[in-house]
Amino acid sequence: MKKIILLALAVSSAVVACKEDEVPAPEFTVEEDVATYKEIASLNLGGLGAAEITTFDPISKRLFAVNNGTTNKIDVIDFANPASISVIHSISMAPYGGYVNSVDAYNGKLAAAIESTDKQAAGKVVVFNTTTYAEEKVITVGSLPDMVTFSPDGKYILSANEGEPNTTYTNDPEGSVSIIDVANNYAVKTVNFSAFSSQLAELTSKGFRVFGPGKNFVKDIEPEYITVADDSKTAWVTLQENNAIAEINLTAGTITKIIPLGFKDYNAAGNMIDVSDRDNAINFASWKVFGTYMPDAISFVRHNGVPYLFTANEGDAREYDAFAEVKRMKDLKLDETAFPNGAALKADGQLGRLNLTNTLGDTDGDGDFDALYSLGARSFSVWNAQTGQLVFDSKNELDVKVKDANLYDDTRSDDKSVEPEAITIGRVGSKRIAYVGMERVDAVAVYDVTNPVAPVFVKILPTGDAPEGVLFISASKSPIQQSLLVVSSENDGVVKVYKANKL
């Protein structure tokens with residue numbers, strides 16, 4: 001007994017000796033049956049654009065939700081009782097710019113990514129106090145900050161600045177990443193990708209894409225979403241339109257490499273897809289078509305010392321007044337040698353309706369298409385972060401499982417199918433679980449990824465309309481000491497909360 005008391009005093013003294021912001025949250029996990037996930041609460045924030053991304057602050061027990069419905073604001077939700085949630089405050093974005101695109105909370109601080117009212121101008125990251133809502137700092141970042149996140153240790157705030165062109169393509173800003181040093185009075189370093197321009201030919205040969213009017217390497221790269229390693233030393237950002245991931249050294253504040261992702265062969269075993277919205281059926285079949293991974297969200301896991309990156313392979317097209325890359329397959333001129341049955345394939349019930357990019361496939365430059373490339377991969381993937389190697393792809397399992405759940409939307413078969421957009425990973429008891437948000441079927445797929453190179457499907461959860469944000473709250477931070485899943489949906493403005501049964 002004496003030894004136990006002395007040990008307790010030693011631990012207590014160690015905690016008291018720490019600064020307040022250095023005291024770690026008590027880490028614990030609760031064993032839960034992830035197959036029993038069910039909805040426990042739902043809150044409508046106001047319709048289209050009213051609930052894209054959420055973040056949770058365990059200090060104030062508040063959820064913060066992006067709301068670009070009727071006005072640009074952040075809604076504050078009382079989350080002390082996750083089964084009974086309500087809006088208690090709103091933070092106006094009017095003093096800072098236009099749309100608020102992303103939020104993240106850490107240790108009583110809320111970071112918000114806010115684009116300028118002139119979308120091509122520099123945006124802002126604004127930091128608020130999560131308890132008082134007071135503004136703590138306004139930081140100028142790159143054009144169109146689309147995603148913001150704290151590093152796990154809270155030392156950095158990172159912003160993915162997409163830098164989209166205007167609709168006439170007369171103003172196309174640089175894509176960039178802003179690295180904000182929290183302790184150094186929020187000093188910011190914004191970096192672009194110019195150091196890699198000399199590698200364009202090599203990167204392109206591996207599936208990297210730079211395209212559009214002017215074809216400018218620095219301006220055509222469009223960062224989308226960031227994840228950070230558990231040691232807070234390295235980050236990775238998806239370059240969605242470019243079909244790549246970039247690695248960032250946070251200590252040095254430099255981009256260290258670009259990882260092209262290649263293409264997915266829909267003619268390979270297990271990759272069967274439905275390509276028509278006009279065949280009055282859901283038919284998964286093999287086709288002589290490639291998918292372009294083009295991930296949106298990305299998440300990090302370290303397993304047995306190896307870093308892995310999980311990507312939601314949504315796909316995205318450049319569609320502007322001055323430039324649009326999407327074409328129906330039936331509107332393309334096909335190479336007769338590559339596609340001897342091209343006329344038959346152009347039927348609406350065959351490949352004719354499939355949306356493709358017209359920027360890839362004319363391999364010999366003679367004006368016809370020798371190969372066909374669609375947008376996205378209708379899957380989530382796992383990549384070795386050190387080598388860039390693909391170690392797992394869900395192939396067509398998301399399509400199949402959504403169909404089995406009677407949620408498949410055949411009107412999207414010609415486009416990007418279920419459109420995996422969001423992915424997040426959390427530890428539930430002894431297991432590591434991935435949650436994949438699928439925009440076009442209003443659902444989240446739950447996977448056991450305890451072994452990241454061999455994910456195992458668990459179940460499908462129906463959500464609101466077009467889930468955009470998928471937030472995992474660990475048991476150690478949860479107000480009920482049990483892990484929670486929060487899904488926010490951009491088309492109906494609904495936030496839903498899910499909980500599994502304890503084992």
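Two strands count as paired if DSSP finds at least two bridges between them. In this predicted model, strand 6 and strand 7 (residues 109-114) are joined by six bridges and run antiparallel. Asp-104 has Ala-111 in strand 7 as its bridge partner. Both strands belong to an open sheet of four strands, in the order 6-7-8-9, with antiparallel pairing. Strand 6 (100-106) and strand 9 (135-143) are the edge strands, and each pairs on one side only. From one strand to the next, the twist averages 20°.

The largest nonpolar core holds 28 residues. Trp-236, Val-289, Leu-351 and Leu-372 touch the most other members. A second, separate core has 26 residues, including Phe-196 and Ile-221. In soluble globular proteins, nonpolar side chains tend to be buried together. The contacts of Trp-236 include Tyr-225, Ile-245, Phe-300 and Leu-309.

Aromatic rings form 17 pairs in the structure. One of them joins Tyr-37 and Tyr-435 edge-to-face, at 5.8 Å centre to centre and 80° between the planes. Tyr-37 lies in strand 1 (residues 32-44) and Tyr-435 in strand 28 (residues 431-438), 398 residues apart. Tyr-37 counts as buried because its relative accessibility is 3%, under the 20% cut-off. Tyr-435 is also buried, at 0%. The pair of Trp-236 and Phe-300 is stacked, because the ring centres are 5.5 Å apart and the planes are at 10°. Trp-236 lies in strand 15 and Phe-300 in strand 20, so this pair ties together parts 64 residues apart in sequence. Both residues are buried.

Phe-211 forms one aromatic cluster with Tyr-169, Tyr-320 and Phe-323. Arg-318 lies over the face of Phe-211, at 4.3 Å from the ring centre. Lys-288 lies over the face of Phe-339, at 5.0 Å from the ring centre.

How values were computed
Residues are numbered from 1 along each chain as its sequence is written. This is a predicted model: local features need pLDDT of at least 70, side-chain atom pairs count only at pLDDT 80 or more; totals for chains, interfaces and linings use all residues. Side-chain values use heavy atoms; hydrogens and water are left out. A nonpolar core is a set of buried Ala, Val, Leu, Ile, Met, Phe, Trp, Tyr and Cys residues joined through side-chain atoms within 4.5 Å. Buried means under 20% relative accessible area, exposed over 50%, partly exposed in between (1.4 Å probe, protein chains only). Contact means heavy atoms within 4.5 Å. Helices (H or I, at least four residues) and strands (E, at least two) are DSSP runs, numbered from the N terminus. Axes are lines fitted to C-alpha atoms, for helices over the stretch in contact, and angles run from 0 to 180 degrees between N-to-C directions. Rings of Phe, Tyr and Trp (its six-membered ring) pair if their centres lie within 6.5 Å; planes under 30 degrees apart count as stacked, over 60 as edge-to-face and the rest as tilted. A charge sits over a ring if NZ of Lys or CZ of Arg is within 6 Å of the ring centre and within 35 degrees of the ring normal. Lists of a residue's contacts leave out its neighbours within four places in sequence.
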